[in-house]
Amino acid sequence: MSAQVPGAKDPRPVLPQLQLDELLGELQSRLSVVMSTRDRVRGLLEAVLTIGSDLDLQTMLRRITAGAVTLVDARYGALGVIGEDGKLAQFLTVGIDDRQAAAIGPLPRGHGILGLLIREPHPLRLDDLSQHKAASGFPANHPPMTSFLGVPVRVREEVFGNLYLTDKRGGGSFDAEDESVVLALAAAAGVAIENARLYEAARRREHWLSATAEVATKLLSGSDREDVLTMIVERARELVGADVAVLAVPRGEQLVVEAAAGANSAPLLGSYLPDLTGPEDGMPFLLGDTSDPLPAGFGKGGQVLVVPVEMAPHPGVLVAVTAADAPDPPSSALPELRAFATQVGVALALAEHRREAERLSVYEDRDRIARDLHDLVIQHLFATGMQLESAVRLVEHPDAAARVRGAVDNLDAVIREIRSTIYGLQSVPNGERDSLRHRLLEVVDSGAEQLGFAPSFRLVGLVDTSVPPELGEHVVAVLREALSNAARHAAARRVDVQIEVDDELRLVVQDDGVGITEGGRRSGLANMADRAATCHGTLLIEAGDEHGTRLTWRVPIR
């Protein structure tokens, strides 16, 4: 037996005490890991819930980036959106303020390691990103960054973009657990992004359908064509996000802008566009930019969307131009604009058919009125005239006989006027608004506004069919000038206009004004005389029956 030294402590409990301390320390460390993992899982769940709480895509992208930065304790984060050309179309950052971003300059376009992740969408962890062979360096004023973690954001099999995280706080590197957490966030974000894109697509379709319904309602309600065409281009401009939109129609061999919408687009009305032909006839296409083909009023550098529109009598083209600094239109813009243009074309065709039906109804009414005038009124007048002619032989008093003959002459004049009216009702060769009769009536109506009262107007003969177009232009101009002169110089209270057409055209404008003063301006009369001479006719200016002036413009009809 060994003797125990007096006063010494028992060494036996030392080893168990050390093991217990180590076990407690390890347990505490593992509890810390569990707590950290729990906090991360909770943070991931909160991030996923936060991401899915909004369907606005831009808001969602920023929440994804901010959530990833928080979950892996990174200093900087970014989310790059890949465009249809395979390059970065958007680049959203977290951790860099506006002042720093302005100092750095333009956002990256997908070179270096960012481009590597686009070409090879797989998770990538680096201790020092500047040492990677694909690194291309940082631009001036860019903050230094070392550790790096990048993961793809997928929408099923489609890669929507990549999530980039740099500079692990505390100077460490991103580990496998960080990668797993961010991958989980990216997977949840992919589903949320797809939902947001579907929501945006549905909302765009709803807006297109609403615009189509609005256009169709306007057209079918009989609204003015010019107003409807302006509304069409305005809706197209708004829905595509364009700066300027125009609708051009063929005129001869060129396209002429008939409606325009957008800032400072008014000067484009009436301008000519070059031949806009796509790779396939009748199909929409993206022209690329406005550097060459379009007039200066469209701006420079923006994207040009061109869509054919079926219109009567010839198809037109809808052109939408984005601003130079605007993002490229989405891939769905052309199909949506084409569907809109197709529906607009159908609505335009239906509206045109409806107008044709209404015009046909008017023409049928005119034919009926013309038949009634011919079969009833003229026959009664003619019979009355014959009776009066027979009665003249029985009248012994010379004055009474003269009056009866005058009445017969008046009846003949009335019959001629009614026949002229009948022919005018039955014949509208170039459309009602293009007929000479209608244009002359418009000039008389316009003269009433200048005179302050309505001139009397009498039209005898087959104006619309007997007068050649060139002569029609002259007589319209002469009538307009004559009424303008009467309004400015005659101080008249009455103006009578008479146009007679047989083997010649006679225009007589008579007023009861002050007459032509000596020394007055004669430029208007000279122009009317020149027009008469051009048509091998004459112009006669003379005093009226009692007072005033009578103008007679007489030209032969060849």
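Q: Why is Asp167 called buried?
A: Its relative accessibility is 11%, so Asp167 counts as buried. The cut-offs are: buried, under 20% relative accessible area; exposed, over 50%; partly exposed, in between (1.4 Å probe, protein chains only). This is a predicted model, in which local features need pLDDT of at least 70, side-chain atom pairs count only at pLDDT 80 or more, and totals for chains, interfaces and linings use all residues. Residues are numbered from 1 along each chain as its sequence is written, and side-chain values use heavy atoms, with hydrogens and water left out.

Q: Where is Asp167 found, and what is its phi?
A: Asp167 is found in strand S5 (residues 158-168). Helices (H or I, at least four residues) and strands (E, at least two) are DSSP runs, numbered from the N terminus. Phi of Asp167 is near 60 degrees, a positive value in a residue other than glycine.

Q: Why does Asp73 count as partly exposed?
A: Asp73 has 37% relative accessibility, so it counts as partly exposed. Asp73 lies in the loop between helix H2 (57-71) and strand S1 (74-82). Its phi is positive, about 55 degrees, although Asp73 is not a glycine.

Q: What makes S13 and S14 a pair?
A: Two strands pair if DSSP finds at least two bridges between them. Seven bridges join S13 to strand S14 (residues 504-511), and the strands run antiparallel. Gln498 stands opposite Val508 in S14. A hairpin of two residues joins S13 to S14.

Q: Which residues of S13 are on the covered face?
A: Val495, Val497, Ile499 and Val501 are. Asp496, Gln498 and Glu500 are on the uncovered face. In a regular strand, side chains alternate between the two faces of the sheet.
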